[in-house]
Amino acid sequence: MPEHKVLLSLRGLRKTFDTQEALDGLDLDVFEGEFITLLGPSGCGKTTTLRIIAGLEMPTEGSVHLDGQDITHLAPEKREVNTVFQNYALFPHMNVYKNIAYGLALRGMDKSDIKRRVNEMLDLVQLEGYEKRMPSQLSGGQRQRVAIARSLILSPKLLLLDEPLGALDLQLRRQMQQELKSMQQLLCITFIYITHDQVEALPMSDRIALMRSGRFVQLDTPKGLYEQPHTAFAASFIGETNLVTARVEAIKEKEVLLNIAGFTLPCYCEDWLTPGENILLSLRAERIHLSALPVNTPCRVTGELIESHYAGGERVSLIRLMDGQVLRVRATTESEAEPELGSTVYAWWNQLSGVIVRDDRVSS
Amino acid sequence: MKSRGVVGKYQRSREPLALPMMLYGVLFVGLSLMYIIGLSLMTRGADFNAGAPFGAHNYARIFSTLYLRSLLQSLRLAFFTALFCLLIGYPFAYFMAKASPKARTWLMLLLIVPFWTNALIRIYGWKILFSATGPINQALLGLGLIARPLRLLYTDFAVQVGMIYAMLPFMVLPVYSAVERMDWAMVEASRDLGASPARAFLTVTVPMTLPGVLAGLVLTFIPSIGLFFLSDLLGGSNTMLWGNMVHNELLKSRDLPFAAALSVVLLALTGIVILVYRRMGGRAESMVF
């Protein structure tokens, strides 16, 4: 994000389909050169947001500004925005060359210039020699590259990617992730990326907008989202976490004392707490340590080891606390001898690892 | 190549199941075709009889101005029928495919219900519409657009209109099926890449629905050459289509061998049209709704 110039801004975006509320008032500023990810479960409104930015859908309310210009009601063909569609949407009746050249040909560019630009793009996405192939003769990964080249050739101000890697197998997906990220950095094009896969979102994005039911839950850097989730949903959607119910015992200056299953332990404070209330504490599974012997640390509870699985590089253990809550713990397997099932173990963590989150779980 | 081998094996193993259908084809299509071809090489006898001498003399007879003119007239009529069916049927099919499910059902009923009525009765309906005292002339007279009733019935125009009317569903159904199967993301992608709605239609929708269009053209063109009752009822005395020729030779002149020769020519024509269709990439499946 070089000079923090706002490229795209969404204001009060609302969209209703019949009676269904798809978007419920979105505000977002995307900076120039940024890689921003809209992350959320299916049906959270991320694709609708993307389609509104692309001009394929009109918002019921609100506005879209690109580079300071109001484009809310502009036709898709008049926007300097291009999209990589979910299932690529390559033209089946055109070969690779014609697919990539399509946008430039529409603009009436000179044939030799088109040829030069298409060759540059084929080089960029490593598909030289595939010009004459039809989309049906390409593998998923190759189609993906054609779809990207077809959009990038127009040098859009903003590239929208709708779950572009969803149809690829895991290994190819990881590889394409890297390529996408380096392409984005090379070309300095702003990317808005849509995915429901948090593993994909974390390493690629400059910022992540976590969505749920047509709203942004949290807009943050990957680190901020992972380390400091604001809500229970944010904490559990990304990574693996324990949502532990605790009672606020006392509020000190910068921290609170919590009671978890009879143990009193400190936690960094959130100012919206009152003593006596029950709160949720998010504890990442891999941030909890286990030991058979007492450890001298303030953030510590004891419980019964009820399950333990060896899972390659790590061991997944379940600890039942006195009040019945179960902690899920992932520890590297190089650590000392594992405690026996049924024995009492000490679970402890760094005070920074316990994050108090707002309870936005859907009661059912 | 390997996969093709697997498919071949799969098909071979299912061959016995196709046997009854094949038998049916040989019996009712193959044998009767051979009968017609054989008949066309004979000479007419008394009444409905035919026999020696054998030869191509029936075909030689066809090369006369009368029959060539009829052939040309038939082809022209079939061409315009296919063309107008496309011009009317494509938009109809397009909007039907894009309409809401409820509207779609109604449009489909509008198209199909007349088909449950006897074709002859529907053509009599056109006769009433076109007659000198019919609603069209009445309306035009009432509006003061014409002073005397127009001669509509028993003209080539009436035959053409009737033919388009009769053939329209055969265009609408395959095109509808093609449009309905379209992946609209392609059109969105085209708009996204800078195409106006018209350009997107021409560069994406049209090529992608082309199989349906080709099937529709074949399905409207071929029957138009052979339909005879339409021109019998709506056409004038000089409307002599190929179908009428066959009909006349068979039932009026009772020259079976010559009628057979005319039929063989019609069959060959149909064959050529289908060959061209296949050559253009058309597939038999596209004709099936």
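**Exercise 1. Domains of chain A**

Which domains does the domain assignment of chain A give? State also how they are placed and what joins them.

Solution. The model is a predicted one. Step 1: the assignment lists domain 1, covering 6-221, and domain 2, covering 233-357, in chain A. Step 2: taken over C-alpha atoms, the centres of domain 1 and domain 2 of chain A are separated by 40 Å. Step 3: five residues from domain 1 of chain A and four residues from domain 2 of chain A make the contact. Step 4: on the side of domain 1 that touches domain 2, strand 9 (207-212) and strand 10 (215-220) of chain A are the elements giving two or more residues. Step 5: sorted by class, that side of domain 1 of chain A has two nonpolar, two polar and one charged residues.

**Exercise 2. A sheet in chain A**

Find the order of the five strands in the open sheet of chain A, and say which strands stand at the edges.

Solution. Step 1: read across the sheet, the order is 13-12-11-14-20 in chain A, and the pairing is antiparallel. Step 2: strand 13 (263-268) and strand 20 (354-357) of chain A each have a single partner strand, so one side of each has no neighbour in the sheet and they stand at the edges. Step 3: from one strand to the next, the twist averages 45°. Step 4: take one pair from the sheet. Strand 11 (residues 241-251) and strand 12 (residues 255-260) of chain A pair in the antiparallel sense, over four bridges. Step 5: within this pair, A:Arg247 has A:Asn259 of strand 12 of chain A opposite.

**Exercise 3. Two helices of chain A**

Describe how helix 2 (residues 96-106) and helix 3 (residues 111-124) of chain A cross.

Solution. Step 1: the axes of helix 2 and helix 3 of chain A come within 10 Å and cross at roughly 125°. Step 2: this angle makes helix 2 of chain A oblique to helix 3 of chain A. Step 3: the crossing of helix 2 of chain A with helix 3 of chain A is right-handed. Step 4: helix 2 of chain A contributes A:Tyr97, A:Ile100, A:Ala101, A:Leu104 and A:Ala105 to the contact, and helix 3 of chain A contributes A:Ile114, A:Arg117, A:Val118 and A:Met121. Step 5: the contact of helix 2 with helix 3 of chain A has eight nonpolar, no polar and one charged residues.

**Exercise 4. Chain A against chain B**

How many residues of chain A are in contact with chain B, and which element gives the most?

Solution. Step 1: 17 residues of chain A are in contact with 14 residues of chain B. Step 2: on the chain A side, strand 6 (81-84) and helix 2 each supply at least two residues. Step 3: helix 2 of chain A gives the most, with three residues. Step 4: the side of chain A that touches chain B has nine nonpolar, five polar and three charged residues.

**Exercise 5. Two helices of chain B**

At what angle do helix 11 (residues 242-251) and helix 12 (residues 256-279) of chain B pack?

Solution. Step 1: helix 11 and helix 12 of chain B pack at about 160°, with their axes 8 Å apart. Step 2: angles over 145 degrees count as roughly antiparallel, and helix 11 and helix 12 of chain B are therefore roughly antiparallel to each other. Step 3: their crossing is left-handed. Step 4: the contact includes B:Trp242 and B:Met245 of helix 11 of chain B and B:Leu256 and B:Phe258 of helix 12 of chain B. Step 5: the residues of this contact divide into nine nonpolar, one polar and one charged.

Note on methods
Residues are numbered from 1 along each chain as its sequence is written. Chains are lettered from A and ligands numbered from 1 in the order in which they are written. This is a predicted model: local features need pLDDT of at least 70, side-chain atom pairs count only at pLDDT 80 or more; totals for chains, interfaces and linings use all residues. Two strands pair if DSSP finds at least two bridges between them. Axes are lines fitted to C-alpha atoms, for helices over the stretch in contact, and angles run from 0 to 180 degrees between N-to-C directions. Angles under 35 degrees count as roughly parallel, over 145 as roughly antiparallel, 65 to 115 as roughly perpendicular and the rest as oblique. A crossing is left-handed if the near helix is turned anticlockwise from the far one by less than a right angle, and right-handed if clockwise. Two residues are in contact if their C-beta atoms, placed from the backbone, lie within 7 Å. Ala, Val, Leu, Ile, Met, Phe, Trp, Tyr, Cys and Pro count as nonpolar, Asp, Glu, Lys and Arg as charged, and the others, Gly among them, as polar. Domain bounds come from an automatic or database domain assignment.
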